[in-house]
Amino acid sequence: FIYSKDTNIGNFGNGDFTVDCWFKTVSYGATRRLVTNWTSGGSPYAGGWYLGIDGGTDAITFYWDYGSGLTQVYGATAIADNNWHHVAVVRSNDDWYIFLDGVLDWCGYYTDTIENSTQYLCVGKIYNANGSSFYGYISNVRISKGIARWTKDFTPPDQKYGSWNELVDDNRKKIAVYTEAGDQCYVCLL
């Protein structure tokens, strides 16, 4: 897994956002985390969110802390085929969407404010939790803070985003980061 030491990247509050990436699962049956900004442990409502694949349904799940409780929503499509898929979770005002391969897989209406997490944004697991790892491949992770990229079916992007600067994280894994105005951060595993 990789992580960002910038704990503000995934703090969305009640604003628009999009979290999207490509993934290929090679293991099934347990909940697998793709991208997280979740504070594990401590009080029951410790802040943050995670995007993953539910262990019971093999469908996309998005889970968030709204301060006095937790909300978890699920896509309708089981993903257990060892193929590459694009997933996007989008908030546009109080409308929430999950897209799988560019097709709407779930939508709902929530007025929640996502509580800020003090934990690192992490790709592939919850930073400080055991048993939450994703087994497979993740590529072209993009966090778009303040932007609801899609609210209807779309053609998923098939190339990396923008211009990249190559970095190496603390575990000596190559990552590339691209930022632009509007407090956006894009992360791509190389």
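Hi everyone, let's start with the surface: the chain exposes about 8500 Å², and carbon and sulfur atoms supply 45% of that area. Accessible areas here come from the Shrake-Rupley method with a 1.4 Å probe, and for residues only the protein chains shown count as cover.

A word on what you are looking at. This is a predicted model, where local features need pLDDT of at least 70 and side-chain atom pairs count only at pLDDT 80 or more, while totals for chains, interfaces and linings use all residues. Residues are numbered from 1 along each chain as its sequence is written, and side-chain values use heavy atoms, with hydrogens and water left out.

Now the fold. The chain has 14 strands and zero helices; both are DSSP runs numbered from the N terminus, with helices being H or I of at least four residues and strands E of at least two. Of its 190 residues, 51% count as buried, where buried means under 20% relative accessible area, exposed over 50%, and partly exposed in between, with a 1.4 Å probe and protein chains only. Take the contacts (heavy atoms within 4.5 Å) between residues at least 6 apart in sequence: 62% of them join residues at least 24 apart.

Next, charges. Side chains of opposite charge can pair when their charged atoms come close. How many salt bridges does the structure hold? There are two, a salt bridge being a side-chain nitrogen of Lys or Arg within 4 Å of a carboxyl oxygen of Asp or Glu. One joins Asp20 and Arg142, with the closest N and O atoms 3.0 Å apart. This pair links distant parts of the chain, since Asp20 sits in strand β2 (residues 17-25) and Arg142 in strand β11, 122 residues apart. Are these two residues buried or exposed? Both Asp20 and Arg142 are buried, and Arg142 has a relative accessible area of 8%. Stay with Arg142 for a moment: its C-alpha atom is 7.8 Å from that of Thr18, though the two residues are 124 apart along the chain.

Asp94 and Arg91 form a salt bridge too, with 2.9 Å between the closest N and O atoms. Here Asp94 is partly exposed at 23% relative accessible area, whereas Arg91 is buried at 0%.

On to the aromatic rings. The structure holds 16 aromatic pairs. Rings of Phe, Tyr and Trp (its six-membered ring) pair if their centres lie within 6.5 Å; planes under 30 degrees apart count as stacked, over 60 as edge-to-face and the rest as tilted. In Phe62 and Trp96, the ring centres are 6.3 Å apart and the planes stand at 45 degrees, so this pair is tilted. Phe62 belongs to strand β5 (residues 60-65) and Trp96 to strand β8 (residues 95-100), 34 residues apart. Both are buried. They also belong to one aromatic cluster, together with Phe12, Phe17, Trp49, Trp64, Trp106 and Tyr110.

What about cysteines? The structure holds zero disulfides, a disulfide being a pair of cysteine sulfur atoms within 2.5 Å. Cys21 is buried at 0% relative accessibility, while Cys107 is partly exposed at 46%.

Last stop, back outside. Val26, Trp84, Tyr135 and Tyr137 form a nonpolar patch on the surface, with about 450 Å² of accessible area together. Patches are made of residues with over 30% relative accessible area and no salt bridge, joined within 9 Å for like charges and within 5 Å for nonpolar side chains (Val, Leu, Ile, Met, Phe, Trp, Tyr). To find Tyr135, look in the loop between β10 (121-123) and β11 (136-145).
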